[in-house]
Amino acid sequence: MSSALLAMSRHLEVRDVLKTIVASARELLDAEYAALGVPDDHGGFAQFVVDGVSDEQWRAIGPLPRQHGILAAMLQEAKAERLADVRKDPRFEGWPAAHPELADFLGLPVRDGDEVIGALFLANKRRPAGEHSPGREPRGGCGFTEEDEELLSILAQHAAIALTNARLYERSRELTIAEERSRLAHELHDAVSQKLFSLRLTAQAAARLVDRDPARAKGELRRVAALAAEAADELRAAVVELRPAALDEDGLVATLRTQVQVLDRAHTARVTFTADGVRALPSAQEEAMLRVAQEALHNALRHSGARRVDVTLERRGGKAVLRVADDGRGFDPRSVRRAGRHLGLVSMRDRANGVGGRLTVESAPGKGTTIEMEVPGG
Ligand SMILES: Nc1ncnc2c1ncn2[C@@H]1O[C@H](COP(=O)(O)OP(=O)(O)OP(=O)(O)O)[C@@H](O)[C@H]1O
Ligand SMILES: [Mg+2]
């Protein structure tokens, strides 16, 4: 038994675990045939593993069994069946022509709590020569003993564990895919939608200039092309999970300074940057800081109508603190949380939490907005 259990733990594929269980059951309990069926929701079996039947025989038998007869009873009633001759049971409904003749039968439900997730069964206990010939009703009732039933129940429990693990694994894989999708959505929002916004503004500027000042319009159109190329790069980076190249080359402080200068030139609002005493941070934190700063700046310039936006990066009590403050119209942060389509604030909070930091949003209508992100270290 213990070597059977060890063999199971070596397999990762649930089907291999079930095969090992079925083969071990047949060998340990000295039966001619063993099988395990996992029902599906349509009256059939999602999995059906057998041992003691050759491939040729298996093909000759034909399609997988449906849930009927004794199998259905085991799945519905969830109790053990020990029968001297399965063919004489009132629930027996026959089998295909090529099906082997089964006589004595031992079957157990495979359970996860109250739910029956399969049936494990054996047929035709082998007996010492002369005492029994296969397919005929054994002398003195069922060849499988109570002890056999106990042994089989241990294997049934292991089958339950294997099947439950497989389901959990499937569920966690689905969750991982959902997380990945939301990461990508945030990444695209942060990186690409801002570039596209700038691109739109530049294209509008070019359209206004084209009659009046074709030379400048040409310049703006060149910027449109450059921004489109950058957006394409960002898109590629988001998909393969790269961080902004500038961070690796220049670090957070220099990257932020450059971006603020560009925004200051592009918008009527005055945009400033001050850094005070912050050393280099781990790269994940720098990236999170940069993304939060970009979104906060973007929001300030797009929504607030501010005359000033001040970005500061400083060290405070063993922590690095980023602040983006504007003197614009402000808003009520609580009312935004309920609106579905805005990703910026949610994404900033996720990014801060993701690197062990914290985000605070201070704003009220008419009061301007201050976004602060704090991370340990620096
Ligand atoms: N600095 C700010 N000043 C005034 N209002 C703001 C500011 N930042 C955010 N808001 C308000 O909060 C809302 C939500 O912001 P959020 O960044 O989550 O979404 P969004 O900017 O509307 O869309 P996106 O998903 O493209 O970021 C904005 O629509 C705006 O009304
Ligand atoms: Mg936003």
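Good morning. D30 lies in the loop between α2 and β1 (31-39); helices (H or I, at least four residues) and strands (E, at least two) are DSSP runs, numbered from the N terminus. This is a predicted model, in which local features need pLDDT of at least 70, side-chain atom pairs count only at pLDDT 80 or more, and totals for chains, interfaces and linings use all residues. Residues are numbered from 1 along each chain as its sequence is written, while chains are lettered from A and ligands numbered from 1 in the order in which they are written.

Let me stay with D30. Its phi is positive, about 55°, although D30 is not a glycine. D30 counts as partly exposed because 14 other C-beta atoms lie within 10 Å. Here, a residue is buried if 20 or more other C-beta atoms lie within 10 Å of its own, exposed if 12 or fewer, and partly exposed in between, with C-beta atoms placed from the backbone.

Which residues in α2 are buried? They are V17, L18, T20, I21, V22, S24, A25 and R26. As background, an α-helix has 3.6 residues a turn, so residues three or four places apart point the same way.

G118 is buried because 26 other C-beta atoms lie within 10 Å. Leaving aside neighbours within four places in sequence, G118 is in contact with L36, G37, V38, V110, A159 and L163; contact requires the C-beta atoms of two residues, placed from the backbone, to lie within 7 Å. Strand β5 also holds N124. N124 is not a glycine, yet has a positive phi near 60°. Is N124 buried or exposed? N124 counts as buried, because 25 C-beta neighbours lie inside 10 Å.

Now consider helix α6 (residues 214-239), which contains A217. Since A217 has 17 C-beta neighbours inside 10 Å, A217 counts as partly exposed. Not counting residues up to four places away in sequence, A217 touches A206, L209 and V210. A217 and V86 are 131 residues apart in sequence, and their C-alpha atoms are 89 Å apart in space.

What of the whole protein? There are 10 helices and 10 strands. The domain assignment gives domain 1 (2-173) and domain 2 (247-378), with bounds from an automatic or database domain assignment. The centres of the two domains, taken over C-alpha atoms, are 62 Å apart. The C-alpha atoms fill a box of roughly 105 × 55 × 40 Å along the principal axes. Buried residues make up 29% of the 378 residues.

Finally, which residues come nearest to ligand 1? Of the 17 residues around ligand 1, these are N299, S304, H342, G344 and L345; a residue is near a molecule if its C-beta atom, placed from the backbone, lies within 6 Å of it. Helices α5 (146-209), α8 (283-304) and α10 (344-354) each supply at least two residues of this shell. The largest share, 4 residues, comes from α8. Thank you.
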